Amino acid sequence: MDTYLFFGMILFYLIGAVSSLILNKSDRSCAYTSFLSASLASVFGILFSISILFGNDFLLTLPGSPILNFGFFVDKLSAFFIFVISITSFAVSIYSTGYVK
């Protein structure tokens, strides 16, 4: 479950970035699409960090060479900061839609 939340968070942030590049000619649709995907990514980030704060640590190892291992490790301290950043990002993305009008 944590892996899906982690990838969902990353995916929605990437969708927002790519959609803002694609829709840059249309200011209104570009802004709303990027705000919506940032809001969804923030919700995934909040859920991910809560599941780490009240559960076990998260470890995702990426495939690579046998000599070097790359991956992501999220403990409770980093989950707390993901939580704070996600709440702030959610509030900013919701509040910023009023400036687009």
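**Note on the predicted model**

1. Of the 101 residues in the chain, 27% are buried. The model is a predicted one, and the points below should be read on that basis. Along its principal axes, the C-alpha trace spans about 50 × 30 × 20 Å.

2. Four helices and two strands make up the secondary structure. In sequence order they give the pattern α-α-β-β-α-α. Among contacts in the chain with a separation of 6 or more, 64% are between residues 24 or more positions apart.

3. The largest nonpolar core consists of nine residues: L5, F6, M9, F48, I52, F58, L60, V74 and A79. At least two residues of this core come from each of helix 1 (2-22), helix 2 (27-53) and strand 1 (58-62). Helix 1 supplies the largest share, with three residues.

4. F58 belongs to that core and deserves a separate look. With neighbours within four places in sequence left aside, F58 is in contact with D2, T3, F6, F48, I52, F72, F73 and V74. Of these, F6, F48, I52 and V74 are also listed in the core.

5. Seven aromatic pairs are present in the structure. One of them joins F6 and F58; this pair is tilted, at 5.3 Å centre to centre with 40° between the planes. It links distant parts of the chain, since F6 sits in helix 1 and F58 in strand 1, 52 residues apart. Both F6 and F58 are buried.

6. A second pair, F80 with F81, is edge-to-face: the centres are 5.5 Å apart and the planes make an angle of 70°. The angle is over 60 degrees, which is why the pair counts as edge-to-face.

7. Which residues form one aromatic cluster with F6 and F58? The cluster comprises F6, F7, F48, F58 and F72. Three of its members, F6, F48 and F58, are also in the nonpolar core.

8. Helix 3 covers residues 76-95, 20 residues in total, and reaches 28 Å from its first C-alpha to its last, close to the 28 Å expected at 1.5 Å a residue. A79, S86, S89 and S93 are buried in this helix. They lie on the same side of helix 3 because they cover an arc of only 90° around the axis. On the other side of helix 3, L77 and Y95 are exposed.

9. What covers the buried residues of helix 3? The cover includes helix 1, helix 2, strand 2 (70-74) and helix 4 (97-100).

10. Leaving aside neighbours within four places in sequence, S89 is in contact with Y13, A38 and S42. With S42 there is also a polar contact of 2.9 Å between the two side chains.

Conventions. Residues numbered from 1 in each chain as written. Predicted model: local features only at pLDDT ≥ 70, side-chain atom pairs only at ≥ 80, totals over all residues. Heavy atoms only, no water. Core = buried A, V, L, I, M, F, W, Y, C linked by side-chain atoms within 4.5 Å. Buried < 20%, exposed > 50% of the residue type's maximum accessible area, 1.4 Å probe, protein only. Contact = heavy atoms within 4.5 Å. Expected span 1.5 Å × (residues − 1). Arc of directions from axis to C-beta. Polar contact = N/O pair within 3.5 Å; in protein donor to acceptor, adjacent residues only side chain to side chain. Phe/Tyr/Trp six-rings, centres within 6.5 Å; stacked < 30°, edge-to-face > 60°.
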